[in-house]
Amino acid sequence: MFKIIHTRKRYLVTICLLAVLVVVALLAVSCGDKGTKTGESDNGDTSSGEEVSVDDYIQELDGDMNSVDPNDFSDSELDDSKLGL
Amino acid sequence: MRRTTLTVILVMVIMVTTTVVAAGAFQQSPADEVKERREEIQEERADTVQKRIELIITRFNNNKDRHIETYKRVSSTLKEIADALEAEGYDLTKVRGDYRELDLKIKKAATDYAAFIKKLEEAAEIEPGDGRFAATIQEARSLLRVFREDILDIRHFYQTVIRKDLEDLKEQTPSGSSSNSPATPPIAVAPAVS
């Protein structure tokens, strides 16, 4: 009698442990999908509290200014050979 | 019999002569052929030049859009910096003046560009053989140089004035701050997403 109860108890403990493991695994997967990064809100936007230094802005502006070339409008763009003359 | 033969021969001679004369009348002289060929070549050339000018205009328009959009983006970023840092107690008078001046330079560049393209479109309507063509193209080239100067002026203004005024902000102590040590002022706003 004692042996049967003991076996049933072990069986229940095993089931509970498995259930806990499944729940933990599901939670991990769920957080992996929806988790947020530091400084980022749930909808993916950068939080307004993030601090950006003037150096960051200068770097961004430098990048913008260097993305275009004044030679796009050089004299050679309108020489006789380009016009087919 | 002899009269009939003579008549037949006469008729044949008349027919041959008429054919030769008619053929001669419709046949072009070598000079005419050269003239016609020259006209064809000129038409083909005019067509080629017109197509090339149209292609050049399209390319210029695309490049102009990229340039103007970039300089406008720089201006709006400056405004963003000014708004954010002013709230922190910094003096942004120079930066505000900078983006206003930049806006004026952008406007001037856009106006000069419109004049240049108008001249180029005018040239596309004139045949290359026409004396006015060379003069119009020359004017378009001068206007292109003016627009390029505008672009170089904007870039020079950014490098020598805007950048310096931004660097100077790092030396400022905001009016509301108790700290006396100059530091890179942080701005509590998100950077513009390009």
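Predicted model: local features only at pLDDT ≥ 70, side-chain atom pairs only at ≥ 80, totals over all residues.
**Chain A at a glance**

Let's start with chain A, which has 3 helices and 1 strand. Read along the sequence, these elements follow the pattern α-β-α-α. Of the 85 residues in chain A, buried residues make up 6%.

**Two helix pairs**

Two packed helices are described by the angle between their axes and the distance between the axes. The table gives both values for two pairs in this model.

| Helix pair | Axis distance | Angle |
|---|---|---|
| Helix 2 (residues 30-87) of chain B and helix 4 (residues 131-169) of chain B | within 13 Å | roughly 15° |
| Helix 2 (residues 54-66) of chain A and helix 2 of chain B | 9 Å | about 170° |

**Within chain B**

Take the pair inside chain B to begin with. Angles under 35 degrees count as roughly parallel, and the axes of helix 2 and helix 4 of chain B cross at roughly 15°; these two helices are therefore roughly parallel to each other. Their crossing is left-handed. On the helix 2 side, the contact uses B:His67, B:Tyr71, B:Val74, B:Leu78 and B:Leu85, which meet B:Ile151, B:Ile154, B:Tyr158, B:Ile162 and B:Leu169 of helix 4. By class, the residues of this contact are 9 nonpolar and 1 polar, with no charged residues.

Helix 3 (residues 93-124) of chain B joins the picture here. Its 32 residues should span 46 Å at 1.5 Å a residue, and the end C-alpha atoms are 47 Å apart, which agrees. Buried residues in helix 3 of chain B include B:Val95, B:Tyr99, B:Leu102, B:Tyr113, B:Phe116 and B:Leu120, and B:Asp98 is buried too. The buried residues of this helix pack against helix 2 and helix 4 of chain B.

**Between the chains**

Now for the pair that links the two chains. Helix 2 of chain A packs with helix 2 of chain B at an angle of about 170°, which makes the two helices roughly antiparallel. Chain A brings A:Tyr57, A:Glu60, A:Leu61, A:Asp64 and A:Met65 to this contact, while chain B brings B:Thr70, B:Arg73, B:Val74, B:Thr77 and B:Ile81.

Leaving aside neighbours within four places in sequence, A:Met65 is in contact with B:Val74, B:Arg155 and B:Tyr158. Among these partners, B:Val74 and B:Tyr158 also take part in the contact of helix 2 with helix 4 of chain B.

Definitions and conventions
Residues numbered from 1 in each chain as written. Chains lettered and ligands numbered in written order. Axes fitted to C-alpha atoms, helices over the stretch in contact; angles between N-to-C directions. Helix = DSSP H or I, 4+ residues; strand = E, 2+ residues; numbered from the N terminus. Parallel < 35°, antiparallel > 145°, perpendicular 65-115°, else oblique. Left-handed = near helix turned anticlockwise from the far one by under 90°. Contact = placed C-beta atoms within 7 Å. Nonpolar A, V, L, I, M, F, W, Y, C, P; charged D, E, K, R; others polar. Expected span 1.5 Å × (residues − 1). Buried ≥ 20, exposed ≤ 12 C-beta atoms within 10 Å, placed from the backbone.
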